[in-house]
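Visitor: Hi, I've just opened this one and I'm new to it. Could you walk me through what I'm looking at?

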Amino acid sequence: MADWRAVPRTERTDIIVRRIRARTALASLALTALTAASATACAFPLQDLGPIPPRFSGPPLPRETVVSEMTSILAAEGITVEREPSGVLGRCHERLSGLHAQETVDAALKAAFARARSDYGWQDGPDLGERALTLRKGNWTVTSGLLGEPISGLPVPVIMSLTCVDGDDTTTAPTAPTAPSAPALTPAPASS
């Protein structure tokens, strides 16, 4: 290996090297200050505050209990509804629908929601506006909309949506609709 000749030091080279070292030291100092500031700023939000509180109070209610309660509450007010099959497996959502006289549907729904609060222990749900009624109990929220002013004498649809807070109620989820089974095939007798 050949020896490299020493590069002659000049005043200009010394100035350039000093500037590079000064910038590197300044950048290191700034990076250290930024790291310290980040650690200080993030220390409070990263404190251990204990377990997360539950999103609902009381034991979770089974799907069948909620559906039967709401069906009987509406029936007591003269609204007949049927449970619609849930098309999505694993989702904690039910829907009750039926028809009712247009002139009395809003009063019947308000009376049904009042009955649910007084007789069954349901509480007022989140406020979704003046045209929506909401209730909550355990891990379920029930929502229904009001019609407003009647237009004609025809019956109007009544739809009640029941939603579970957990989002997955597979223990009592309805089964998926199955296709009708094909008749069993029997082999034809062998011809001789």
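This is a predicted model: local features need pLDDT of at least 70, side-chain atom pairs count only at pLDDT 80 or more; totals for chains, interfaces and linings use all residues.

Visitor: What does Arg83 pair with in a salt bridge?

Guide: With Glu94, and the closest N and O atoms are 2.8 Å apart. The pair links distant parts of the chain, with Arg83 in strand E1 and Glu94 in strand E2, eleven residues apart.

Visitor: And Glu94, is that buried or exposed?

Guide: Glu94 is buried, with a relative accessible area of 2%. Glu94 also has a bridge partner in strand E6, namely Leu162.

Visitor: OK, step back a bit. How many helices and strands does the protein have?

Guide: Three helices and six strands. Reading from the N terminus, the order is α-α-β-β-α-β-β-β-β.

Visitor: How do E2 and E6 run, parallel or antiparallel?

Guide: Antiparallel, with eight bridges joining E2 (residues 93-100) to E6 (residues 156-164).

Visitor: Which other strand pairs with E6?

Guide: Strand E5, residues 140-145, pairs with E6 over five bridges, in the antiparallel sense. One example is Trp140, whose bridge partner in E6 is Cys164.

Visitor: Now the helices. How many residues does H2 have?

Guide: H2 has 14 residues, 63-76, and reaches 20 Å from its first C-alpha to its last. That is close to the 20 Å expected at 1.5 Å a residue.

Visitor: Which residues of H2 are buried?

Guide: Arg63, Val66, Val67, Glu69, Met70, Ile73 and Leu74. Looking down the axis of H2, these buried residues fall within an arc of 165 degrees, so they line one face of the helix.

Visitor: What covers the buried residues of H2?

Guide: The cover includes strand E1 (80-84), E2, helix H3 (105-120), strand E4 (132-137), E5 and E6. And just after H2, Gly78 takes a positive phi of about 90 degrees.

Visitor: Is Lys137 buried or exposed?

Guide: Lys137 is buried, with a relative accessible area of 18%. Glu69 counts as buried too, at 14% relative accessibility.

Visitor: How many salt bridges does a search of the whole structure find?

Guide: Nine. Another one joins the side chains of Asp124 and Arg117, at 3.2 Å from N to O. Asp124 counts as partly exposed at 48% relative accessibility, and Arg117 counts as partly exposed at 35%.

Visitor: Let's switch to the nonpolar side. How many residues are in the largest nonpolar core?

Guide: There are 27, and the ones touching the most other members are Met70, Leu109, Trp122, Trp140, Val142, Met160 and Leu162. The elements that give two or more residues to this core are H2, H3, E4, E5 and E6.

Visitor: Which element gives the most to this core?

Guide: H3, with six residues.

Visitor: And Met70, what does that touch?

Guide: Leaving out residues up to four places away in sequence, Met70 touches Leu96, Ala116, Trp122, Leu135, Val142, Met160 and Leu162.

Visitor: Last one: what share of the protein do buried residues make up?

Guide: Buried residues make up 22% of the 192 residues. As for contacts between residues at least 6 apart in sequence, 61% join residues at least 24 apart.

Definitions and conventions
Residues are numbered from 1 along each chain as its sequence is written. Side-chain values use heavy atoms; hydrogens and water are left out. Two strands pair if DSSP finds at least two bridges between them. Helices (H or I, at least four residues) and strands (E, at least two) are DSSP runs, numbered from the N terminus. The expected span of a helix is 1.5 Å times one less than its number of residues. Buried means under 20% relative accessible area, exposed over 50%, partly exposed in between (1.4 Å probe, protein chains only). The arc is that of the directions from the helix axis to the C-beta atoms. Contact means heavy atoms within 4.5 Å. A salt bridge is a side-chain nitrogen of Lys or Arg within 4 Å of a carboxyl oxygen of Asp or Glu. A nonpolar core is a set of buried Ala, Val, Leu, Ile, Met, Phe, Trp, Tyr and Cys residues joined through side-chain atoms within 4.5 Å.
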